[in-house]
Amino acid sequence: MELNRRTVIAGAAAAGIAATTLGGTAHATGGRKPVKTLFGKLADGTKVYSWSLENGGTRLKVLSWGGVVQSLEIPDRRGRYANVSAGFDNLEDYVAKTPYFGALIGRYGNRIGKGKFTLDGKNYQLSVNDGEQSLHGGTQGFDKRVWDVEPFVKGSDVGLHLYYTSVDGEMGYPGTLKTKVTYTLTRHGEWRIDYEATTDKATVVNLTSHVYFNLAGEGSGTIEDHELQIAASRYTPTDAGLIPTGELAQVAGTPFDFRKAKPIGRDIRVSHPQLVTAKGFDHNWVLDKGITARPEHVATLRDPASGRTMKIATNEPGLQFYSGNFLDGTLTGPSGRTYRQGDALCLETQHFPDSPNKPKFPSTVLRPGQTYRTTTIHTFGC
């Protein structure tokens, strides 16, 4: 029987069950002001800080470098904590090696074909960093910038405001974009992300978070036994460069049908041309709800062994499910274990890839006087 998470957390706290990563005990509530510590220095001497947050039984560590979620700790059905986010224990690896572990992604999450688009009759050439494509904002996207961080405690919530200004022409994008991202831990342990941006010139924007999840715990091995449900009847097939063809294909009768929860590994090695091209799942699901005024539930991830669950709600129209296809054993996490193919997964709420070149896709254009706003909420259970 699946237990109520708050009951598990409270029971663990009463019993004094030790946390596996931090060496502390589980707490039911008690959001406190985030704690700031020095994480490292960049080559030019710029200091990078780590911010530790805790509320409602969830623990979060965030870096000023790239807005990176360096760890995310939640309890299992027995109240035992584990970090469920892949990453590194040092700044040098984040700078030199990271495949976007835990990062804030911008100015445009996902891919833009050949790094080109036309807006208001003007052609733009972006930074290209994935073959012929521009991926996650280019060679120096938001994931490789130092963000200004402002901690807050508001009522029963605790969190961080992160700020970054991307100047006109950065990575080829038009307009100076002022970005604010807010990470909030609620008293119930939910992790909420609120994205905001304004521009002084017409541009395209698609912000997202690139946390690599493994609900069994970082470094614990494959996620193929995780069960995933996505509320989407269609997805966007891609070409050889992983750029959407423009088709909104039905998931029915294909390995891409996650309308009912199923183990990720059930169909991942089926001989489907889309899976062969991407080496697994690396596609955008067209959420049935579309764009909504408020976040609505769109996906549930569950690890049967630990009992940990994560529900995702968003007002975005798409969800990119990436099954860690390009992890190749060359990266080592805080556990001291290497990450191999399928050892973690991403669920990136978003507008669709290559939308600036696909007029039939929901628009990602932001104009002066408008404010880009989107929200994603992660709710954890056990």
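In this predicted model, the lining of the largest cavity draws at least two residues from each of strand E14 (191-199), strand E16 (208-210), strand E27 (346-350) and strand E29 (372-381), and E27 gives the largest share, 4 residues. The space in this cavity is about 70 Å³, and of the 13 residues that line it, Ser209, Phe213, Leu347, Glu348 and His378 are the closest to its centre. By class, its lining has 6 nonpolar, 6 polar and 1 charged residues.

| Pair | Centre distance | Plane angle | Geometry |
|---|---|---|---|
| Phe256 and Phe281 | 5.5 Å | 90° | edge-to-face |
| Trp285 and Phe321 | 5.8 Å | 50° | tilted |

Phe256 lies in the loop between strand E19 (249-250) and strand E20 (262-263), and Phe281 in the loop between helix H3 (273-278) and strand E21 (282-287), so this pair ties together parts that are 25 residues apart in sequence; both Phe256 and Phe281 are buried. Trp285 in strand E21 and Phe321 in strand E24 (residues 318-322) are 36 residues apart and link distant parts of the chain, and both Trp285 and Phe321 are buried.

Ring pairs also join Phe39, Phe88, Tyr94, Phe101, Tyr212, Tyr322, Phe326 and Tyr339 into a cluster. As for charges over rings, Lys36 lies over the face of Tyr49 at 4.1 Å from the ring centre, while the charged end of Lys262 sits over the ring of Phe258, 4.4 Å from its centre.

Key. Residues numbered from 1 in each chain as written. Predicted model: local features only at pLDDT ≥ 70, side-chain atom pairs only at ≥ 80, totals over all residues. Heavy atoms only, no water. 1 Å grid on protein atoms, 1.4 Å probe; cavity = no way out; pocket = protein on both sides within 12 Å on 5 of 7 lines; lining within 4 Å. Points joined across faces, edges and corners; volume = space filled by probe spheres on them. Nonpolar A, V, L, I, M, F, W, Y, C, P; charged D, E, K, R; others polar. Phe/Tyr/Trp six-rings, centres within 6.5 Å; stacked < 30°, edge-to-face > 60°. Buried < 20%, exposed > 50% of the residue type's maximum accessible area, 1.4 Å probe, protein only. Lys NZ or Arg CZ within 6 Å of the ring centre and 35° of its normal.
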